[in-house]
Amino acid sequence: MLMLIIKRTLCKYALPILLIMGILITGLYSPVMAVYGGINLVTPVSAPVNAGYLYAEKLTSSSTYGHHGIDFAAASGSDVYAAYTGKVVTKADLGGDSYGKYIIIESNHPNYAGVKFYHLYAHLSDYSDCPAVNQTVYQGNKIAESGSSGNVTGPHLHFEIRMGTNSWYSQRNPEGLLSRSTSDGYGGVLGEVRTSGGSWARYKRISGATKGTDVNYGASYSYFIMANGNPFPDEASYGINYYIARATTGNKTLSYDYGARTQNVTIYANTDYKVNTIYLP
Ligand SMILES: [Zn+2]
């Protein structure tokens, strides 16, 4: 009987103990289940992501802006759903410029009282299903049909997330809030980069991770940590200020701030790995 109890106890705790031992032994990496936990968005359109989030910022007048959202390869006329319950704050048509027909919805963050986040849907062909500004929409409701309005080369849904404030500088990688695919064959890498003094690093370049496919940027490009004019509590609570999704698997050397620091990582399929904090010199 005693042996049975011991065996049962061992079985009960074997997995957590092994996980803790694994984390202690491997040290640098610990698997995480969700990137921005607490906010679980509904995928806004039934189509694959074919252009990711670049984390870029306009560093000089000669550089280009990065991609501050993700693109779903949706044919014109595809139904677009509200990713989260919230209030419509923008329903506007910029004609042939920028976002074209677009919608912004304001939602309450489930983990932080009084804190808002915003989700943006652009290049729509029709948004007559979306209620007027200041009206409520519910998660999963059809709000629009995707298209190619605005400044585009072809039909797709451009989707953005803004955390804390409805500002271009408050964006985050939407893939960190969507239920990530567990079978796309890619992996994810996330972590935090701080200055030598310990504050959040801004405008810093991360390179070395590659993507299998990306229609806008190809397989290999750099990521810049956003300026994030208004630091959001998620960065402190989740301990991250970058999340590189859909990275190609294998052993990689990540380079931070043009080689000021490097970090070897192993990217595994269908898993997100958190890298220890990088302190820049
Ligand atoms: Zn886009």
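View 1. Averaged over the chain, pLDDT comes to 79, with 73% of the residues scoring at least 70. Where pLDDT is low, the predicted coordinates should not be read in detail. As for the overall make-up, the chain has 2 helices and 20 strands, and 46% of its 281 residues count as buried. Take the contacts between residues at least 6 apart in sequence: 69% of them join residues at least 24 apart.

**View 2. The largest nonpolar core.** In soluble globular proteins, nonpolar side chains tend to be buried together. Here the largest such core has 35 residues, and L41, F72, I103, Y121, L124, I143 and F159 are the ones with the most contacts inside it. Two or more residues come from each of β3 (70-72), β6 (101-108), β7 (116-126), β9 (142-146), β10 (157-164) and β16 (242-247). Which element gives the most to this core? That is β10, with 4 residues. The core also draws at least three residues from each of two domains, namely domain 1 (30-37 + 181-279) and domain 2 (49-176). A second, separate core has 15 residues, including I206, V265, I267 and I278.

**View 3. Around L124.** Zoom in on L124, one of the residues with the most contacts inside the largest core. Skipping neighbours within four places in sequence, L124 is in contact with V80, then with K101, Y102 and I103, then with A144, E145, S146, G147 and S149, and finally with L157.

View 4. F72 sits in strand β3. Is F72 buried or exposed? It counts as buried because its relative accessibility is 2%, under the 20% limit. Leaving out neighbours within four places in sequence, F72 is in contact with T43, P44, V45, A47, P48, V49 and N50 on one stretch of the chain, with H156, L157 and F159 on another, and with L178. The C-alpha atoms of F72 and H158 are separated by 6.6 Å, although these residues are 86 apart along the chain. Ring pairs also link F72 with Y121 and F159 into a cluster, and these three are among the residues with the most contacts inside the largest core.

**View 5. Y99 and Y102, a tilted pair.** A search of the whole structure turns up 6 aromatic pairs. In the pair made by Y99 and Y102, the ring centres are 5.0 Å apart and the planes meet at 40°, so the pair is tilted. Both of these tyrosines are buried.

**View 6. E106, a buried glutamate.** E106 lies in strand β6. Its relative accessible area is 16%, so E106 is buried. What does its side chain pair with? A polar contact of 2.9 Å joins the side chains of E106 and Y118. Not counting residues up to four places away in sequence, E106 touches Y118 along with K116 and F117, and also G86, K87 and V89.

Conventions: Residues are numbered from 1 along each chain as its sequence is written. This is a predicted model: local features need pLDDT of at least 70, side-chain atom pairs count only at pLDDT 80 or more; totals for chains, interfaces and linings use all residues. Side-chain values use heavy atoms; hydrogens and water are left out. A nonpolar core is a set of buried Ala, Val, Leu, Ile, Met, Phe, Trp, Tyr and Cys residues joined through side-chain atoms within 4.5 Å. Buried means under 20% relative accessible area, exposed over 50%, partly exposed in between (1.4 Å probe, protein chains only). Domain bounds come from an automatic or database domain assignment. Contact means heavy atoms within 4.5 Å. A polar contact is a pair of N or O atoms within 3.5 Å; within protein, one must be able to donate a hydrogen and the other to accept it, and residues adjacent in sequence count only if both atoms are side-chain atoms. pLDDT is the predictor's confidence in each residue, from 0 to 100. Rings of Phe, Tyr and Trp (its six-membered ring) pair if their centres lie within 6.5 Å; planes under 30 degrees apart count as stacked, over 60 as edge-to-face and the rest as tilted.
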